[in-house]
Amino acid sequence: MADNKRRGEDAGDDRLDDEVVDEVADDDATSADEPVSRGGTATRSRARAESADSRPTTRSETGRVGVFGRIARFFREVVAELRKVIWPTRKELLTYTAVVVAFVAVMLTIVGVLDFGFAKVVLFVFGNSD
């Protein structure tokens with residue numbers, strides 16, 4: 001069977017393999033153009049572009065800034081970061097809250113049962129002081 005796949009033989013199959021590779025390459029190119037879904041991570045090119053934009057270009061941006069100027073810049077940066085946050089929808093928020101409350105209730109039950117059991121064991125070992 002390996003003899004049938006030697007170079008130069010069965011040229012029709014090689015052409016089909018090339019077409020399949022081209023189709024796969026086209027699929028990869030289109031997927032790179034699509035936006036990243038929720039929860040995606042930043043890419044290197046985006047990080048480089050953002051870092052290049054964040055460099056100060058004028059002397060006034062690199063000079064000394066007063067206390068109120070720094071406070072104002074801090075709040076502007078906080079607002080800019082909060083705009084980047086992907087806020088959950090109301091349904092997602094309720095779901096996440098229910099999961100957290102259920103998990104805490106389960107853990108509370110486990111810790112409570114273990115505490116009660118260890119207390120009984122300690123009282124049994126060391127005797128009841130009543």
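Is Glu77 buried, exposed or partly exposed? I looked it up and found Glu77 partly exposed, with a relative accessible area of 46%. For the terms, buried means under 20% relative accessible area, exposed over 50%, and partly exposed in between, with a 1.4 Å probe and protein chains only.

**Entry 1: ground rules.** I note that this is a predicted model, where local features need pLDDT of at least 70 and side-chain atom pairs count only at pLDDT 80 or more, while totals for chains, interfaces and linings use all residues. Residues are numbered from 1 along each chain as its sequence is written, and side-chain values use heavy atoms, with hydrogens and water left out.

**Entry 2: confidence.** I checked pLDDT, the predictor's confidence in each residue, from 0 to 100. The protein chain averages 74, and 50% of the residues score at least 70. Confidence is lowest in helix H1 (residues 11–33), with a mean of 51. Helix H5 has the highest, at 96.

**Entry 3: the chain as a whole.** I listed the elements and got 5 helices and 0 strands. Helices (H or I, at least four residues) and strands (E, at least two) are DSSP runs, numbered from the N terminus. I then looked for buried residues: of the 130 residues of the chain, 0% count as buried. The chain exposes about 12,600 Å², and carbon and sulfur atoms supply 62% of that area. Accessible areas come from the Shrake-Rupley method with a 1.4 Å probe; for residues, only the protein chains shown count as cover.

Entry 4: I searched for salt bridges, meaning a side-chain nitrogen of Lys or Arg within 4 Å of a carboxyl oxygen of Asp or Glu. The count comes to 2. In one, Arg73 pairs with Glu77, with the closest N and O atoms 3.8 Å apart. Both residues lie in helix H4, 4 residues apart, about one turn of the helix. Arg73 is partly exposed, at 39% relative accessibility.

Glu81 and Lys84 also meet in a salt bridge, at 3.3 Å from N to O. Glu81 and Lys84 are both in H4, 3 residues apart. I read Glu81 as partly exposed at 47% and Lys84 as exposed at 55%. An α-helix has 3.6 residues a turn, so residues three or four places apart point the same way.

**Entry 5: a nonpolar patch.** I found a nonpolar surface patch of Val67, Phe68, Ile71, Phe74, Phe75, Val78, Leu82, Val85 and Trp87, with about 940 Å² of accessible area together. Patches are made of residues with over 30% relative accessible area and no salt bridge: like charges are joined within 9 Å, nonpolar side chains (Val, Leu, Ile, Met, Phe, Trp, Tyr) within 5 Å. Phe68 belongs to helix H4 (residues 67–84) and is exposed, with a relative accessible area of 72%.

**Entry 6: helix H5.** Gly127 follows H5, with a positive phi near 85°.
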